[in-house]
Every structure is written in C-alpha cells, then in structure tokens.
Amino acid sequence: MYDVGMTTGDRVLVVATQLTTRDPSRTPHQRAARSTVARKVLMSISGLIIVLFLMMHLFGNAKLLIPNVGFEEFDEYSHSLRTFLYPILPEKFFLTLFRLFMLAAAFIHIEAAIKLTFRNKGSGVSGARYLKQRYLAGSFAARTMIWSGIIIVFGVIAHLLQFTCEIIRVSYPEGVTTVAPHERVVLAFQTPVVVAAYAVWMLAVCIHVYHGFYSALCTIGARTGAYSEKLIKVCSVIVAFLVFFGFMAAPLSIAIGLVTL
Amino acid sequence: MKLTLRVWRQDAGASNGKLVDYQIDNIAEDMSFLEMLDQLNEELTVAGIEPVAFDSDCREGICGTCGVVINGTPHGRGNSPVPTTTCQLHMRSFNDGDTIVIEPWKAKAFPVIKDLVVDRTALDRVIASGGFISVNTGAAPDAHSVPAPKLKADTAFDNATCIGCGACVAACPNGSAMLFTSAKISHLGNLPQGQPERYRRVETMIGQHDAEGFGGCTNIGECAAVCPKGIPLASISQLNRDLVSSLFRKDGFFG
C-alpha cells in the first residue's frame, strides 16, 4: 500500500505509510506466499535440481575418457538416456518427462531471477550509488549472478542446438547431417574456437554455481551458525571446481590430442 | 590532523544533492567521527554557511540514531578494524591529509530528508507489523516461571542487540532489510514468549518489508560485514526457515 508521503517542491517521496497488515486485499499468508523470500526459496530448490542434473551429466561425460572402450560406452550411455525404462514405459516416455521436469526447473529459476533482479535494482539506488562503494564481504560471483546467468542461458541454447538437435554442425563431413554421439563431441572439440567458447561458458557456470550453491543452501535455511556457513562455503567451492574441471576434461583431452577418433 | 571532507549536501525537499569539499584542520585523533563533524559545523556556522545536518543521539554506540556512509562503507567500517557505529569511529582510523567521502544511507525505502539525514521510518513499520509479543501486563512474572534453553536465550539476546541503524540496508547492493527483519524474527522466535505469534509474525513482517520497497536477499553478506552489533547471516536463514514453515500452517498460526 503506497501513499504519497511528502510533497515538497519538485519532489514527491513515495513511501509506504500504512501497515500492509491492515490492507484487506490480501491476507498476511497470501502476502508471505508472494514475498521475495518465498520466490527465493523456489529459486533455490530449482537451482539445486539443476546442480544435481549437472552432476549426473558430468558422470555421463566421463565415460568418454575411459581408455579403449570410451566411445562405445559413451554412445551406449547416450542411447540409453533415450530408451531408459523402455519396455516398462513407452519409448522416450521417461526422456520426455525428464525434459519437461528440467524445463520447468529452468523456467521457475529464470522467472524468479528476472523478477527479483528487477526488484532489487530498484531497491537500492542503482548505478552510481556511493561515490566510491567499497565492498567488504561480497564476492565478485555474488554481485554478478544475473550476468553469469545470462551467459549460461545462451550457452545452453547453443549446446542443445549443437549436441542434441545437430543444427549447429562443427566439422561434420560434407553432406552428413547426423553422426554418432562420440563423433559429435570429438569433431567439435578438435576446433580450438569451440573449446574456447566452452571454456568461457563453463567459467560462467563455475562462477554462478560457486555463489548459487552457497546461496541456495542458505536460503532454504541450512546456514544455522558460523560452522555450517563455513561448511556450505567449502562445499560450494568443491562443486564449482568439479563443474569447471569435470566438464572441461573431455574437451581439453580432445583439443590436445589425447582422445582422437 | 588536516583533512579534506567531501560531504553530501542536499536541501530539504530537493530530489538530488551533490558532494561539496570542505577543508578541516586541527582534528585530534581521539575525536570521534561525529565530534569532527561538530567541529566542521561550528566552522561552517562562523563562516556563514549552512551546517551539515546529520543524525546522532547517544554517541556511545547503543541507540542506532547515527549513521553515514564513510568512504563507501556504512559507519566507516572499511576504516575500522572492528564493527562500529559512526559515533564510535574515531579519527585515529584516518591519516593526516586524507580525503573522506561522507554520504547518507542510500536506498529506495530511505528517502533523504536533508544532507546526511534519511527517513528510516520504514524500519519502524516493519517492526510495528509484527515485531512484538502480546502478553497481559501486570506484575512481572517470576524469572524462572518460563524456562528458556540457554542456547536459544543466547541466540535471542544476540539478535535483540540490533539497534535498527539501517547500515545493513545501506550496505546491501539490493537495498534489502533482511538482516534487520531477521534479527527481530530470531530474537522473538527463539524465546518461549515469542512462540504463539511466531509464524504469523514472520508473514506480516515479510509482507511489510516487501511493501516498503526493500529488495530481496541474495546472500552477498555485505550487511553482516558492516553491522555494528554483529548480527550474523544465520539469522536470515532462521527467517527463511520460519517463513517456509509458516506457508504450511493455516494463516501462519502456531500449532
């Protein structure tokens, strides 16, 4: 409930002069359910789901690095994702369900990010707030979540177009539109530009996860004291490093010629 | 000690202000920051210039009235080795010849009244919306009649030390008052007397917090770094736990 608080000269101060608890349009319960905190909790849970997915993805990618049988293992793994639970459920049923689930998580996460960021930018005095702002605690990662997030979104779109839809085809033989999963990976990462682009993308993911994992656990209430805060920080560093080096392991091995077709 | 002060000057009712440079000399290192401003104001008055308006009251770091952003950190925490209020920051934290930038708290919910004075009544309304307990008044009950576990009583006390200065809002890149709100939630939520209204309280206070135009928390941690009373970030997690819990209770009532 906003009111014009003070009108002096050319300036109108807009402040909430009423207690919202006396505003009959919504109950306190409804207001709490629509609050920044409730939205943040949704954002944390969806974010943690995405981190779990990344860990699963990381594990699958590692199959490519198994000596001698890596390519067959990787192709088999890649194929089984499509036919998982097949004779029990219709073909691709689980895959479609899983994709919808991940899409929902991404949608909830991004929607909350956009709403909260716009709100937060308006709440401080954005831009040049203080003549020389001196930060004492916040990390670079924490202050740039929205930017690393935007890089990640574009990266995900390019990644799906390249490896799932095969619309972006890097170094495919002339006239060929589809190749085996392991060939998609190896052909792509023999091109240095693609490796560099993925390194930038993974750096963004690493930075995002470093603060995101910590922040998500704090938001759902895991930070109960100084010790648990340290523990959460250590875990987020481990997860962030795992993401960067885990996902860059295969591209780098291919780029330096350790893995070839 | 000779200093250059760059002070935010904003007329009452003006929509914007600007930084004005003042030279000041003969500052003793044992003076508090506010005493230094007092001396500046005396010199300005003698020179026929409007003195700089700033808030202060107890000047012993317990009332939460004073507070300016000094060199980009609320209460000048960046210049001080310990968490401090502006009145307890002493000039020994600065060097001869320094330039000190002095600005008011800046947040959407804290409109500037004049110069370094901002309107912090938004915080009062957050408290009024639920930061209390309802008890029948009368003779004080015996101290041992309501047992409170030691650990919880300590947490409640630590959070009760919040003086409501608003430094957390001024430091937060999102302009969020989450540390302030969570201090009251943790204070009352950890005591037996706070239980009947515990979940209703978190709902009404968060509703008011958001209505005032404060931003949301992104766990950056600037607030706790400048808090003169050392309110921990763990309080914010307690608020989050209580809010989530309240959403599964009919209208936030206990039980």
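**Helix packing and chain contact in a predicted two-chain model**

In chain A, helix H2(A) passes helix H4(A) in a left-handed crossing. This crossing belongs to a predicted model, and it makes a handy starting point for a walk through the structure. The axes of H2(A) and H4(A) lie 8 Å apart, and the two helices pack at an angle of about 140 degrees. Angles over 145 degrees count as roughly antiparallel, so H2(A) is classed as oblique to H4(A). On the H2(A) side, the residues making the contact include Thr36(A), Arg39(A), Leu42(A), Met43(A), Ser46(A), Ile50(A) and Phe53(A). Among their partners on H4(A) are Met102(A), Ala105(A), His109(A), Ala112(A), Leu116(A) and Arg119(A). Sorted by class, the contact of H2(A) with H4(A) holds twelve nonpolar, four polar and four charged residues.

Helix H8 (residues 192–219) and helix H9 (residues 226–255) of chain A pack with their axes 8 Å apart, at an angle of about 165 degrees. Because that angle is over 145 degrees, H8(A) is roughly antiparallel to H9(A). The crossing of H8(A) past H9(A) is right-handed. In the contact of H8(A) with H9(A), 25 residues are nonpolar, one is polar and one is charged.

Helix H7 (residues 181–189) of chain A brings several elements into the picture. Its buried residues are His182(A), Arg184(A), Val185(A), Val186(A), Ala188(A) and Phe189(A). These buried residues of H7(A) pack against H3, H6, H8 and H9 of chain A. Leaving aside residues up to four places away in sequence, Ser148(A) touches Ala204(A), Ile207(A) and His208(A). Ser148(A) and His211(A) are 63 residues apart in sequence, yet their C-alpha atoms are 11 Å apart in space.

Lys92(A) is not a glycine, but has a positive phi of about 65 degrees. Lys92(A) sits in the loop between helix H3 (70–83) and helix H4 (93–123) of chain A. Around Lys92(A) there are 15 other C-beta atoms within 10 Å, which means that this residue is partly exposed. In chain B, Asn219(B) also has a positive phi, of about 55 degrees, although it is not a glycine. Asn219(B) lies in the loop between helix H6 (198–211) and helix H7 (222–226) of chain B. Asn219(B) counts as buried because it has 25 C-beta neighbours inside 10 Å.

Chain B as a whole contains eight helices and seven strands. Along the principal axes, its C-alpha atoms fill a box of roughly 65 × 40 × 35 Å. Of the 255 residues in chain B, 54% are buried. Among contacts in chain B with a separation of 6 or more, 71% join residues 24 or more positions apart.

The two chains meet through 55 residues from chain A and 60 residues from chain B. On the side of chain A that touches chain B, at least two residues each come from strand E2 (11–15), helix H1 (28–33), helix H2 (36–61), H4, helix H5 (140–143), H8 and H9.

Finally, how confident is the prediction? The model scores ipTM 0.90 and pTM 0.91. Chain A has a mean pLDDT of 88, with 92% of its residues at 70 or more. Within chain A, confidence is highest in H8(A), at 96, and lowest in strand E1 (residues 3–8), at a mean of 45. The pLDDT is below 50 over residues 1–12 of chain A, and this stretch has 25 contacts in the model beyond near neighbours in sequence. For chain B, the mean pLDDT is 93, and 98% of the residues reach 70 or more.

Conventions: Residues numbered from 1 in each chain as written. Chains lettered and ligands numbered in written order. Predicted model: local features only at pLDDT ≥ 70, side-chain atom pairs only at ≥ 80, totals over all residues. Axes fitted to C-alpha atoms, helices over the stretch in contact; angles between N-to-C directions. Helix = DSSP H or I, 4+ residues; strand = E, 2+ residues; numbered from the N terminus. Parallel < 35°, antiparallel > 145°, perpendicular 65-115°, else oblique. Left-handed = near helix turned anticlockwise from the far one by under 90°. Nonpolar A, V, L, I, M, F, W, Y, C, P; charged D, E, K, R; others polar. Buried ≥ 20, exposed ≤ 12 C-beta atoms within 10 Å, placed from the backbone. Contact = placed C-beta atoms within 7 Å. pLDDT = per-residue confidence, 0-100.
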